[in-house]
Amino acid sequence: LCYQQNVTEEESQEQLIDLLHNLGLVLNFRDHPILKDTNVLNPDWVTTGIYALLSDETLKTKTKGILTAADLDRILDADRYPPKHYPYLTELMKEFQLGFLLDHCQPQKFLIPGLLPKDEPKATHLEGDTLEFQYHYRILPDSIVSRFIVLTHEDIHAQTSWRSGVMLHHKEGSAIENIARVRADPEERKIFIAISGKENSRRTFLTMLRKTFTKIHSSFANLDVTEWVPVPNHPDHPPLDYQELLGLEAMGEQTYPIGKLRIRVNIRQLLDGYEPLEARQQSRRESRGKEERFEEEMMGRDYRDININIENKLSQGDHQPMTDITNNNQGANIANFANEVKDNARQQANQHNHPATKQDIAEAVREIKAIFAELDQSYDKTTPVGNAMITAKAVEAIESKPALKKRLLNAAKEGVISALESAVDHPAIKPVVAAFKGFTDA
């Protein structure tokens, strides 16, 4: 098919399959050691099969989330899902952070944390002093804890996990230094972390756990989550906003007054218990750097000096047969979009031959956010498959809005589309932007 459309270079073909993969139209994991040998042209095959596994009552009520080959035989339609494709489905569930293989089990068994028992086991008590940290959510997605369990499953302590929590250990060599209890309260919409064991390694362990949560949180669009820490020696008092404390430290404040307790909390001393001062300073520098780069992209360019001479390009292209134009697009990542891009460029030259402005980008950000907000109501943005559907539908929606599409194409051509990408906090924005970068490349 690529050769029929004059897409002959391997790099161009790889970029094209990446775009189709990002849009959720196909599944192609060519760099994955197991998934690379199977390509899925109909993603419904994946979603239907995985949904059948996740909704099976026996797995929920009897096997406590443990999936075996016998369960795959029992649950899946043999005609549509032959046994040779079982490893692909389970590996895909690992890729989507839906489950993991249990170590040292023969025959192999697969654990799906979202199907674990709801009740917390009895063996979750921590001895001695603990270092504690909290996440508070406006809406707590069910998948956060299950994905966290998948990502940390190699450190599960004493095989103790349940649907809303897990016990983890931190080792130095073969010796267990710390034990952590991570559990969610769905009704309160909070996640609580408590770490016991050696004091000098608690902070390191907490940093590792927070990085995992940050990775999960970043995959959600506009997830409203805040970080909190308890008041030292006053566990019954409402916790303190961690980011507020960081901000006060950056402003030079040394203490945080709590009138009800008639105390002043030493800010640096409290924060040192969670992160080294050097790490906090580095985070502040990185944050300032991101803000400055965004400002440079949005404000620092003199748009009057940007010349996208569309008409000159068209004057060359209009005197060539269309086949020649397509053949000369070697290195473009989607050569078969050449006709559409040419028509689009002509329309821009006739109707809008000045470059994108800051106002254009701001308007595009507003419209794209509105599109994502509407699609988030119909598709589950917390799953890769749902996010792929949002991506595909968003591209369709933008295609139906000529003015918005024109703004994106202008921004892509002028090299400022990354500013727009930074301004839209949604996991689907990168593949959507990639699609329109592809249009301009072609």
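Arg-268 counts as partly exposed because its relative accessibility is 45%, where partly exposed lies between buried (under 20% relative accessible area) and exposed (over 50%), with a 1.4 Å probe and protein chains only. The model is predicted: local features need pLDDT of at least 70, side-chain atom pairs count only at pLDDT 80 or more, and totals for chains, interfaces and linings use all residues. Residues are numbered from 1 along each chain as its sequence is written, and side-chain values use heavy atoms, with hydrogens and water left out.

**Salt bridges**

- The structure holds 20 salt bridges, each a side-chain nitrogen of Lys or Arg within 4 Å of a carboxyl oxygen of Asp or Glu.
- Arg-268 pairs with Asp-272 at 3.7 Å, N to O.
- These two sit 4 residues apart in helix H9 (residues 267-272), so about one helical turn separates them. Helices (H or I, at least four residues) and strands (E, at least two) are DSSP runs, numbered from the N terminus.
- Asp-272 is partly exposed, at 25% relative accessibility.
- Glu-249 meets Arg-280, with the closest N and O atoms 2.6 Å apart. This pair links distant parts of the chain, 31 residues apart: Glu-249 is in helix H8 (residues 242-250) and Arg-280 in helix H10 (residues 277-299).
- Glu-249 is buried at 13% relative accessibility, and Arg-280 is buried at 2%.
- A network of salt bridges links Glu-249, Arg-268, Asp-272, Arg-280 and Arg-284.

**Sheet and packing helices**

- An open sheet of 7 strands runs in the order S5-S6-S7-S8-S4-S9-S10, with antiparallel pairing. Two strands pair if DSSP finds at least two bridges between them.
- Strands S5 (156-162) and S10 (240-241) are at the edges; each has a single partner strand, so one side of each lacks a neighbour in the sheet.
- Strand S4 (residues 131-137) is joined to S8 by 6 bridges. Leu-131 has Ile-195 as its bridge partner in S8.
- Helix H7 (residues 199-217) lies across S4, S6, S7, S8 and strand S9 (225-229), at about 155° to S8. Axes are lines fitted to C-alpha atoms, for helices over the stretch in contact, and angles run from 0 to 180 degrees between N-to-C directions; contact means heavy atoms within 4.5 Å.

**Ser-196**

- Ser-196 lies in strand S8 (residues 190-197) and is buried, at 6% relative accessibility.
- Ser-196 and Asn-178 are 18 residues apart in sequence, with their C-alpha atoms 5.5 Å apart.
- Beyond residues up to four places away in sequence, Ser-196 touches residues including Leu-126, Asp-129 and Arg-202.
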